[in-house]
Amino acid sequence: MRESFWSAMIIIFGITAILFVFFFQLVTNTEQQNYNLLKEVTEAAMIDAVDLTAYRATNSIRIDREKFVENFVRRFAEGVNFATTYDIYIYDVNETPPKVTLAIQTQATSGLTEQRVDINITNRLSAILETPY
């Protein structure tokens with residue numbers, strides 16, 4: 001009789017452990033994907049938004065605010081999962097020196113048990129465009 005209780009307890013513990021691993025893997029994969037996408041898209045959008053006429057005229061690097069926002073949203077929309085809702089918050093765009101501060105908020109949902117678990121994942125990034133000169 002004791003052996004059957006031990007086997008039932010081990011099976012229940014194993015199923016619970018698998019559910020925890022699956023849940024935390026979902027959250028960490030979403031967070032890591034959002035961070036990498038945010039970092040790469042921000043860098044590419046800043047490079048695309050460099051104002052070449054100002055650079056040629058005054059030899060100073062500045063970015064165009066509207067062009068940065070347009071490129072960022074377009075590039076971010078190309079790389080996201082369409083089944084997830086994303087909120088983009090652009091807090092600060094300095095044209096000279098080129099600096100941006102933005103955040104992406106995602107809601108991860110897990111429905112493994114009877115209750116749905118909603119987790120808000122927020123990735124914040126402040127980026128400065130650096131040049132080798």
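**View A. Salt bridges across the whole structure.** Searching the whole structure turns up five salt bridges, where a salt bridge means a side-chain nitrogen of Lys or Arg within 4 Å of a carboxyl oxygen of Asp or Glu. This is a predicted model, so local features need pLDDT of at least 70 and side-chain atom pairs count only at pLDDT 80 or more, while totals for chains, interfaces and linings use all residues. Residues are numbered from 1 along each chain as its sequence is written, and side-chain values use heavy atoms, with hydrogens and water left out.

**View B. Arg-75 meets Asp-48.** The closest N and O atoms of this salt bridge sit 2.4 Å apart. Arg-75 belongs to helix α3 and Asp-48 to helix α1 (residues 2-48), so the pair ties together parts 27 residues apart in sequence. Helices here are DSSP runs (H or I, at least four residues), as are strands (E, at least two), numbered from the N terminus. Arg-75 is partly exposed at 27% relative accessible area, and Asp-48 is partly exposed at 28%; the cut-offs are buried under 20%, exposed over 50% and partly exposed in between (1.4 Å probe, protein chains only).

**View C. Glu-78 and Arg-74 along helix α3.** Their side chains form a salt bridge at 3.7 Å, N to O. The two are four residues apart in helix α3, which means about one helical turn between them. Glu-78 is exposed at 61%, whereas Arg-74 is partly exposed at 40%.

**View D. Aromatic rings.** What counts as a pair? Rings of Phe, Tyr and Trp (its six-membered ring) pair if their centres lie within 6.5 Å, and planes under 30 degrees apart are stacked, over 60 edge-to-face and the rest tilted. That rule gives four aromatic pairs. Phe-72 and Phe-76 have ring centres 5.8 Å apart and planes at 15°, so they are stacked. Phe-72 is buried at 0% relative accessibility, and Phe-76 is buried too, at 3%. Tyr-89 and Tyr-91 are also stacked, 6.4 Å centre to centre with 10° between the planes. Ring pairs join Phe-68, Phe-72, Phe-76 and Tyr-86 into a cluster.

View E. The Thr-96 to Pro-97 peptide bond is cis, with omega near -15°. Pro-97 sits in the loop between β1 (86-94) and β2 (99-110). Asn-59 has a positive phi of about 60° despite not being a glycine. Asn-59 lies in the loop between α2 (52-58) and α3 (65-79), and is exposed at 57%.
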